[in-house]
Amino acid sequence: MSEPLLTIRNLRASVDDKEVLKGIDLSVAAGEVAAIMGPNGSGKSTLSNVLAGRDGYEVTDGEVRYDGQDLLAMEPEERAATGVFMAFQYPVEIPGVVNATFTRTALNAQRKARDESAIDAIDFLKRARATLARLEMDEDFLRRDVNAGFSGGEKKRNEIFQMAMLEPRLAILDETDSGLDIDALRIVATGVNAMRNPERALVVITHYQRLLEYVVPDSVHVLADGRIARSGDRELALELERAGYAAFQPA
Amino acid sequence: MTPLRETVETVERASGEYRYGFVTDIETERAPTGLNEEIVRFISAKKEEPEWLLEWRLKAFRMWLGLEDREPRWANVHFPKIDFQEACYYAAPKQEGDGPASLDEVDPELLRTYEKLGIPLREQEVLAGVAGAGNVAVDAVFDSVSVATTFKDKLAEMGVIFCPISEAVRDHPELVRKYLGSVVPQGDNFYAALNSAVFSDGSFVYVPKGVQCPMELSTYFRINAQGTGQFERTLIIADEGSRVSYLEGCTAPQRDENQLHAAVVELVALKDAEIKYSTVQNWYPGDAEGKGGIYNFVTKRGACRGADSKISWTQVETGSAITWKYPSVLLQGDRSIGEFYSVAISNLRQQADTGTKMIHLGRDTRSTIISKGISAGRGQQTYRGLVRVQPKAGGARNFTQCDSLLIGDTCGGHTVPYIDVRHPGAEVAHEATTSRISDAQLFYCRQRGLDPEEAVSMIVNGFCRDVLQQLPMEFAVEAQKLLGISLEGAVG
Amino acid sequence: MTDAWLAGQRTAFAACRDTLPGSGTPWVDALRAEAFRQFEEDGPPTARIEEWRSGPTAALTGQVFAPAAPDGARAAAVPAPYLEGPRHRLVFVDGRFSRGHSDAGEPPKGVRLTTLGALLAENPQAARDLIGDPDAFAEERLSRVTDRRPQALVALNTALASDGAVLLIEDGVALAHPLEVVHVTRETEEPRAHHLRTLIALGAGARAHVVEIHAGGSAGVWTNHVTDIAVGAGARLEHVRADAGSATAVHVNVAHARLRAGAAYAGFVLAATSGAVRAETRLALEEPGADGEVNGVCLAKGTGHIDALTRLDHHAREGTSRQLWRGIFADTARGAFQGRIRVLPDASGTNAALDNRNLLLNAGARAESKPELEILTDDVACSHASATGELDADALFYLRSRGLSERLARALLMEAFTGAVADRIAHEGVRDFIRRLVDERLHALGSATS
C-alpha cells in the first residue's frame with residue numbers, strides 16, 4: 001500500500017504554555033473517512049487548528065506529513081492551496097464581503113498557487129448554483145456577506161458549500177454537527193457524503209456519534225487527554241454512544 | 001482596452017510604490033515666488049479677467065491677510081509651519097500665443113501624461129472603448145491650468161456648460177458672478193481666503209432647468225511643477241429639476257518637498273435638483289519616513305438651496321501626506337437631503353483629519369453620514385464631523401455611522417463628532433466603533449487560500465463596501481484596487 | 001470682564017490664604033502659591049478652550065465672586081440625612097466642616113475618616129503624601145490625570161480649598177456602610193465662591209461607597225468642588241455625586257480618579273439645575289485590568305445650563321469601561337455632553353463603550369453631544385453612540401391606548417429613560433435615594449413645561 005495521505009507522528013502541541021496534544025499518532029489514507037471523537041477538552045479542536053496552521057498553537061515535537069510534504073512548515077494559505085480544508089467549528093463573520101466574491105477569490109487564489117487558470121465569474125456561478133441546489137441552500141447565500149447574520153446551521157452549511165466548491169484533498173470537519181437540528185444535520189451529511197471519493201480523505205471531528213450515522217466512518221479514533229487512546233471501526237463509535245467517555249477521562 | 005481599465009491595470013502592476021510619481025518634462029511659465037497684491041494682479045492679468053473678479057480676488061487677499069495666524073489649528077494633524085511666501089502661486093504649461101483651440105494643439109507631452117494617468121482625454125479613445133465602459137466628459141487641470149475639456153459639443157446641445165472656470169468667467173460672467181463665493185465666502189477660512197485670492201483654474205458646470213446631464217462629468221487634477229501650490233476652484237450649479245454626477249481624480253509626482261493643494265469646491269442645488277460629487281484622491285502621500293507628499297487643505301461645501309434638492313458627497317481618500325477636508329452640506333430647502341460617504345486610508349506617516357458638516361436649516365431635511373477610516377503603519381486618522389439642527393429645522397433627521405479599522409499598533413484612529421440639536425422634533429443618531437481586523441477573520445481567509453495581503457485587502461474592501469457602492473461603477477473598481485495598494489506593507 | 005474676575009480671584013487669594021487650612025506649613029503655602037500661579041497662567045475658562053466650548057463660562061466669569069466668610073457653620077438649615085439605614089455622615093457648611101451636624105459613626109479599623117483641615121493640622125506629612133509634592137505640581141497633580149491646559153479651576157481649587165472630606169482606607173478593608181458627605185451652602189446677597197476638596201484613597205482590595213451631595217445654595221453661589229481619588233489594586237469604589245439643593249447656583253464639580261491594577265471605579269452624577277453645572281469626571285486606568293464606569297443623568301430647565309465632561313484614559317492593557325448618560329432639557333435650557341475614550345499605545349485589549357441620549361422637551365431647548373474616541377493601538381473594541389430626539393411616539397401612544405394620560409405617559413417614559421442609569425448604582429440604599437431624587441427632579445422638570 002502506498003503512503004497514507006496524512007501521517008501524524010508523535011505530535012505534541014501547547015497553547016499558552018499548556019501542553020494539549022501529548023503525542024498524537026494517526027494515519028489517514030486517501031479515500032478514507034476517519035472519525036476523531038473525544039470528550040470536551042481532549043484536544044480535538046487543537047488538533048484541527050494545528051493541522052490548519054492557526055497562530056497561537058506551538059508545536060513542540062513530532063511531525064505531520066501530508067502528501068509527502070512537511071505540513072507544519074507551510075503557511076496556512078499554502079496548506080489550503082495543496083488541498084487542506086478546514087470546516088470551522090465557529091465560522092467567522094466578514095461583514096461587507098459577499099459570499100460569492102469570497103469563495104471565488106479563494107478558489108482562484110488556490111488555483112493560481114497551483115499554476116491553474118482562473119475560473120471566470122460565469123463558470124463559477126454555474127458551479128455555485130449547482131452546488132447550492134445539492135445542499136438545499138438558497139441562491140441568496142451567494143449575495144449575503146460571509147457568515148454575517150447567518151444562523152448557526154447556515155454557517156455550517158456555508159462551510160460545506162465552500163468545501164464542495166474548493167474540492168480539497170484533505171477536509172477536516174471540526175464539530176460540524178454541533179448546534180444542528182436533525183434536518184440540517186441530514187443536509188450537511190449529504191454534502192459530506194457527496195465529497196467521498198478514492199482521492200480524498202475526510203477527518204470528521206465530533207463529540208457525538210450521531211453524525212456518524214449519516215457519514216459512516218472507515219475508522220474511529222478516540223482522543224483523550226491529548227493522545228489517541230483507542231482506535232477501531234464504526235463499532236467503537238456505537239460503543240462510546242452507549243458507555244460514554246467515562247473510561248477515557250482522567251481519574 | 002479602455003483607458004480606465006488601463007489605469008486599473010497599471011495600478012495592479014504597481015508594487016506598492018506610488019505609481020503616479022513621474023514628472024512630465026514640459027516648459028512652464030511661473031509667477032515670481034511669494035504672495036502679495038502684485039501676484040494677485042499678475043494672476044488676474046494672465047487670465048485676462050474682468051475688473052470685478054480682480055476686485056473680488058483682492059478683497060479675498062486682504063481677508064487672508066486678516067486671517068494670518070488664523071490657520072486652523074484644531075485639526076489633529078501636525079506639520080511644520082508653511083511659509084506662504086516661499087511658494088509659487090501660478091505655474092502653467094507654456095504655450096505659444098493663445099490657449100489651445102482644440103486637443104490637437106495641446107502639447108503632446110501633456111497628452112502623454114494623461115495617458116499615463118489613464119485619463120480618457122481623447123474622445124476617440126473613449127468612443128473606441130467597450131460599450132458601457134463609460135461616457136465621461138473630462139476636464140483636465142495640469143498644475144494650475146485647465147488644459148483640455150472633452151465632449152463640450154455634445155453637452156452644449158443639452159445646454160450643459162462644462163468648461164474651465166476661467167472660460168466661464170469670460171463666456172458666462174453672469175452665472176459665475178452670481179454663484180462664485182455664494183457657498184464658500186472669500187473669508188470663510190484661512191485656506192479658502194487664500195484660494196479665493198490666487199485660484200487659477202478649475203471646472204465650471206451649469207446644468208439648466210430640468211436637464212439630466214447625459215454623462216458623468218470628470219476632472220483630473222495633476223500637480224507637476226516643483227515648488228508650486230495648486231489652487232483650483234470648482235463651481236457646480238444644478239438648476240431646478242436638473243441632475244448631474246461629477247467625478248474628480250487627483251495625482252501628483254513624487255517629490256521630496258511638500259506641496260500645497262488648497263482647493264475650493266462650491267455646489268449649488270436649486271429646487272428639485274440633485275448633485276452627486278465623487279472624489280478619488282490619490283495625491284502623493286510622501287514616503288515611509290514622512291518625507292514629501294501633498295498637503296491637501298480643501299474646502300468643499302454644497303448648498304441645497306431649493307426644496308427637495310439633494311447633494312451627495314462620496315470620497316475615497318488614499319493619498320496626501322496631510323488631509324484637511326470636510327465636504328459639507330447646507331440643508332436650506334425644505335425636505336432637502338445631504339449625504340456624505342467617505343473612505344479614508346492613512347498609512348505610512350499620513351495624517352488625515354476629515355469628515356463633514358451637515359447644517360439642517362429647512363424643515364424635514366435629512367442627512368446621512370457613513371465614514372470608514374482605516375489606519376495602518378504610522379498613520380493617524382480623525383473623523384471630525386458636525387451635525388447641527390437649527391431652531392427652525394423641525395422634523396430634521398440625521399443618521400451617522402463612523403467606523404474605524406486599525407491595522408497594527410503604531411497607528412491611530414480617532415472619532416470626534418459634534419452634535420448640536422436646537423429643535424425638539426429632530427432625530428439625530430450617531431454610532432461609532434473602533435476595532436481591528438480580527439485574527440479569526442485573517443485566519444479564516446488564509447485557510448481558504450488567500451495570502452495575508454489579499455486577506456486584508458478583502459476584509460478592508462468589505463469594511464468599506466457601503467461607501468464604495470456609492471461610487472460610479474468605473475470609479476468603484478479603481479477605488480477598490482487603490483485601497484489594496486495603499487495598504488500594501490501594512491500587514492507584518 | 002475676565003480682568004475684573006481675575007482681579008477678584010487675586011483679592012480672594014490674598015485675603016484668605018493665611019486663614020486656609022495648613023497655612024504656615026511651608027509645603028502647603030508653596031503648593032497654594034504655585035497653584036495660584038498656575039491658575040493665573042492658564043486664565044479663566046473660555047469657550048475658545050476646546051474642553052470648555054460648550055461650558056457655562058458666562059455664568060462662571062460673569063460675576064466676581066468673593067471668598068466665603070469662615071463663620072459659616074452656624075445658623076444654617078442643614079437637611080436631615082439623605083440615606084436611610086446605617087451610614088457615616090460628614091457635613092460641611094459654606095465650605096467648612098460642621099462637627100455639630102456630622103455623625104461620623106464608628107468606622108472600622110483601618111478606615112480613617114476625617115477632614116482636609118484636620119488632616120493638615122494633625123498630620124501634614126500624610127496629607128503631603130496624598131496631595132503631592134508642590135514641586136511636582138504641574139506634572140503630578142494635573143498632567144498625568146488630566147490635560148493641563150483646561151485645568152485652571154482645579155489649580156484655583158488647590159490654591160483656595162477651605163476644607164473637604166478625607167477618606168483613607170487601608171489594604172483589604174471594606175467600609176460596609178456608605179459615607180454621606182453633604183455640602184450645604186447658605187443663600188447669599190453678594191456672589192460668593194466655595195472651594196472644596198475631597199480626598200479618597202483606597203488601599204489594595206479595599207471597598208467603599210461614597211455619596212457627595214450638594215444642598216442649599218442660591219443664585220450668586222459658586223461651588224468649585226474637586227474630588228481626588230486613588231483606587232488601589234483590586235479595590236472598588238462607588239462614587240455618587242448629586243445636586244439636591246438650589247437649582248440656581250453655579251456648580252463646578254470635578255472628580256479625578258486613578259486606578260491601579262484590577263481596580264474598579266463606578267461613578268454616578270446627577271446634575272439637576274436651572275442655574276449652571278459643569279460636571280467633570282476624569283479617570284486614568286493606569287494599570288492592567290482596571291474597570292471604569294461613569295454614568296450620569298442631566299436635567300436642566302429654565303435657562304439652566306449643564307455641561308458634563310468625561311475623560312476615560314486607558315493607559316494599560318485589558319482595561320474596560322462603560323459610560324451611560326441621559327439628558328432631558330426643558331424650556332430654554334442647554335445641555336452639553338462631551339465624553340472621550342482614549343486608548344493609549346500600551347492599552348491593548350481595551351474594551352470601552354459610551355452611550356449618550358438626550359431628550360428635548362420643547363422648542364428653545366438645546367442639546368449638544370460630543371462623544372469622542374481617540375485610539376492609539378489596534379487591539380481594541382471601542383464604541384460610542386449618541387442620539388437626540390423626542391420621546392418615542394409609538395411608546396407614548398401605546399401607553400395612552402392603555403388609558404394613561406399623556407402627562408402621565410410622558411412622565412413614565414422619562415422615568416424609564418433616566419431610571420436605567422440610576423439602576424446601575426450597586427448599593428441598594430444609595431440607589432433608592434438617587435431614584436427618589438431623580439424622580440423628584442423629573443417632576444419639577446415636567447411641571448416646568450406644562
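These legends describe close-up views of a predicted model. Local features need pLDDT of at least 70 and side-chain atom pairs count only at pLDDT 80 or more, while totals for chains, interfaces and linings use all residues. Residues are numbered from 1 along each chain as its sequence is written, chains are lettered from A in the order in which they are written, and side-chain values use heavy atoms, without hydrogens and water.

**View 1. The surroundings of C:Arg260.** C:Arg260 lies in the loop between strand 11 (250-259) and strand 12 (264-273) of chain C; strands are DSSP runs (E, at least two residues), numbered from the N terminus. Its relative accessible area is 43%, so C:Arg260 is partly exposed (between buried, under 20%, and exposed, over 50%; 1.4 Å probe, protein chains only). Leaving out residues up to four places away in sequence, C:Arg260 touches C:Val231, C:Gly232, C:Ala233, C:Glu287 and C:Ala290 (contact: heavy atoms within 4.5 Å).

**View 2. The interface of chain B and chain C.** Here 31 residues of chain B are in contact with 32 residues of chain C. The rule finds three salt bridges across the interface (a side-chain nitrogen of Lys or Arg within 4 Å of a carboxyl oxygen of Asp or Glu). B:Asp420 forms a salt bridge with C:Arg366, with the closest N and O atoms 2.7 Å apart.

**View 3. Strand 22 of chain B beside strand 19 of chain C.** Six bridges join strand 22 of chain B to strand 19 (residues 366-375) of chain C, and the two run antiparallel (strands pair if DSSP finds at least two bridges between them). B:Thr415 stands opposite C:Leu373 in strand 19 of chain C.

Definitions and conventions
Helices (H or I, at least four residues) and strands (E, at least two) are DSSP runs, numbered from the N terminus.
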